[in-house]
Number of protein chains: 2
Amino acid sequence: MPSSTPGPAPDTTAAPVGRRERKKAATRKAIADAALRLFLERGYDAVGIREIADAADVSTTTLFKHFPVKEALVFDEDDDQEERLLAAVRERPAGTSVPAALREHALTSRLVTPNGDDRLTAFLNLVATTPALRDYGQNMWLRHTTALAHAIAEESGRPADDPTCRALAHFALEAPRAAHGHPDPRAAITSAFDLLERGWGALAG
Amino acid sequence: MPSSTPGPAPDTTAAPVGRRERKKAATRKAIADAALRLFLERGYDAVGIREIADAADVSTTTLFKHFPVKEALVFDEDDDQEERLLAAVRERPAGTSVPAALREHALTSRLVTPNGDDRLTAFLNLVATTPALRDYGQNMWLRHTTALAHAIAEESGRPADDPTCRALAHFALEAPRAAHGHPDPRAAITSAFDLLERGWGALAG
DNA sequence: TAAATAAGTGCAACAACTCAACTTTTGAAT
DNA sequence: ATTCAAAAGTTGAGTTGTTGCACTTATTTA
């Protein structure tokens, strides 16, 4: 997802880290930003690695120390996202159901911007129109589904490969997608998760 | 799937084609066979395109005229398989239900060999242990699911994106997988499809 | 038999990615 | 404060998948 250069981001990892880690994160961000900008300007396939490295003022080897393959430049929040997703389930406030926690997470994640977010739409369009990115994203989505399913299984004391957990994970990740483009995305998400919550509650209180 | 060099294969395309097409198919097969052999011997990543081309006695250019990317060398029956799958549904004998036709197809496809087929197991193992192949295969499976879902929708006069059709397609493709390694695979498949058939019949005769 | 089409070749090149040796920070222990 | 080891970055050369181009050879069709 697009990460704007300015703007007060919620600072997801609120650890007062040293200069080293900050610099590392900075170069990583510089690379990802340069890459996304160029990709949006001229298309994924028309931009080479060297060009991106130049734009970010780094060597190509450095680039590959941060991103294992070209596609990862686009989905650079992959790991963060998965981490936050699992945390939303594992560290949910006491008395909150799993679907409720997932709804909360879906609503606060910036995948659901009330007004049609240009940057997000452009990003989704880039992915949808580039086969390599479509495939990569699809597999990434599958990985997240599996990880979430396992987390849910652990939280609810079910077997790790319980189909119900996988189904819930699947729907929970699908809901925000479906909501995008909807007149009132937040309402769509809320009602979708209401549905999931009732179904889930009927199975295992 | 492995296609042995000798052995009387059922000759899937029973059209008396000209010499040109036969030669083309022959080189294609030579390439795929060489590739699979080398991959099984030394691992996917340890074998280069140039080496495969040499082993099949063709130029790398020719190789890429037959297979668009390296991974396709392994899943070389991709298109044929999908074609047969869709044909099984579309050209099923009158009075046969869709799930029944799919069961028939599943039982006759050589994915279900009664005795533990060494070559098939080796193949599946190769795919499972090679990330690039795992990913590629996963996406291929998804494509087949979509195609089958559309075919089912057309056959049963439902909307093209009907979730029920997609679910049936999903299960129908999953069943053979699940049956693999089962003590009696054919029985497992049969009973799985019995289940699907009853559920399907209960929805739309 | 001649023209048209398709398969295959050889070679050079590009782009993604890796490797090894080396320099410059930075964090921390003495 | 000084020293030292690890981490981040650079440089440059190499490997590998993949493509483009100009060309030959075989098969089909007219």
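1. A word on the source before anything else: this is a predicted model, so please read every distance and area below as computed from predicted coordinates.

2. Let me start with the fold of chain A. Chain A holds nine helices and zero strands, and its elements read α-α-α-α-α-α-α-α-α from the N terminus on. Of its 205 residues, 38% count as buried. Among contacts in chain A with a separation of 6 or more, 67% join residues 24 or more positions apart. The chain exposes about 11900 Å², and carbon and sulfur atoms supply 55% of that area.

3. Two positions inside chain A are worth a look. Ala100(A) sits in helix H5, residues 98–108, and counts as buried because its relative accessible area, 12%, falls under 20%. The C-alpha atom of Ala100(A) is 8.9 Å from that of Leu196(A), although the two residues are 96 positions apart along the chain.

4. The other position is Asp78(A), in helix H4, which spans residues 78–90. Is Asp78(A) buried or exposed? With a relative accessibility of 8%, Asp78(A) is buried. Its side chain makes a polar contact of 2.8 Å with the side chain of His144(A). Leaving aside residues up to four places away in sequence, Asp78(A) touches Met140(A), Arg143(A) and His144(A).

5. Next, the contact between the protein chains. Four residues of chain A are in contact with four residues of chain B. The size of an interface is often given as the accessible area lost when the parts come together. For chain A and chain B the buried area is about 330 Å², with carbon and sulfur atoms giving 45% of it. On the chain A side, Gln138(A), Asn139(A) and Leu142(A) lose the most area to chain B, together 88% of what that side buries.

6. Which of the 23 residues around DNA strand C come nearest? They are Lys23(A), Lys70(A), Lys24(B), Thr27(B) and Thr62(B). Of the DNA strand C atoms that come within 4 Å of the protein, sugar and phosphate account for 63%.

7. A polar side-chain atom of Lys23(A) lies 2.2 Å from a phosphate oxygen, and a side-chain N or O atom of Thr62(B) is 2.5 Å from a phosphate oxygen. H1, helix H2 (49–55) and H3 of chain A, together with H1 and H3 of chain B, each give two or more residues to the surface near DNA strand C. H3(B) gives the most, with four residues. By class, this surface has five nonpolar, eight polar and ten charged residues.

8. Sugar and phosphate make up 57% of the DNA strand D atoms that come within 4 Å of the protein.

9. Thr61(A) has a polar side-chain atom 3.5 Å from a base oxygen of DNA strand D. A side-chain N or O atom of Thr62(A) is 2.4 Å from a phosphate oxygen, while Lys70(B) places a backbone N or O atom 2.8 Å from a phosphate oxygen. At least two residues of the surface near DNA strand D come from each of H1 (19–42) and H3 (60–66) of chain A, and from each of H1 (19–42), H2 (49–55) and H3 (60–66) of chain B. The largest share, four residues, comes from H3(A). This surface divides into six nonpolar, eight polar and eight charged residues.

10. One last item for your backbone check. Asp57(A) is not a glycine, yet has a positive phi of about 60°; Asp57(A) lies in the loop between H2 and H3 of chain A and is exposed at 70% relative accessibility. In chain B, Asp57(B) also has a positive phi of about 60°. Asp57(B) is in the loop between H2 and H3 of chain B, and its relative accessibility of 69% counts as exposed.

Terms used: Residues numbered from 1 in each chain as written. Chains lettered and ligands numbered in written order. Predicted model: local features only at pLDDT ≥ 70, side-chain atom pairs only at ≥ 80, totals over all residues. Heavy atoms only, no water. Near = heavy atom within 4 Å. Polar contact = N/O pair within 3.5 Å; in protein donor to acceptor, adjacent residues only side chain to side chain. Nonpolar A, V, L, I, M, F, W, Y, C, P; charged D, E, K, R; others polar. Buried < 20%, exposed > 50% of the residue type's maximum accessible area, 1.4 Å probe, protein only. Contact = heavy atoms within 4.5 Å. Areas by Shrake-Rupley, 256 points an atom, 1.4 Å probe, with all protein chains shown as cover. Buried area = accessible area lost by both parts, 1.4 Å probe.
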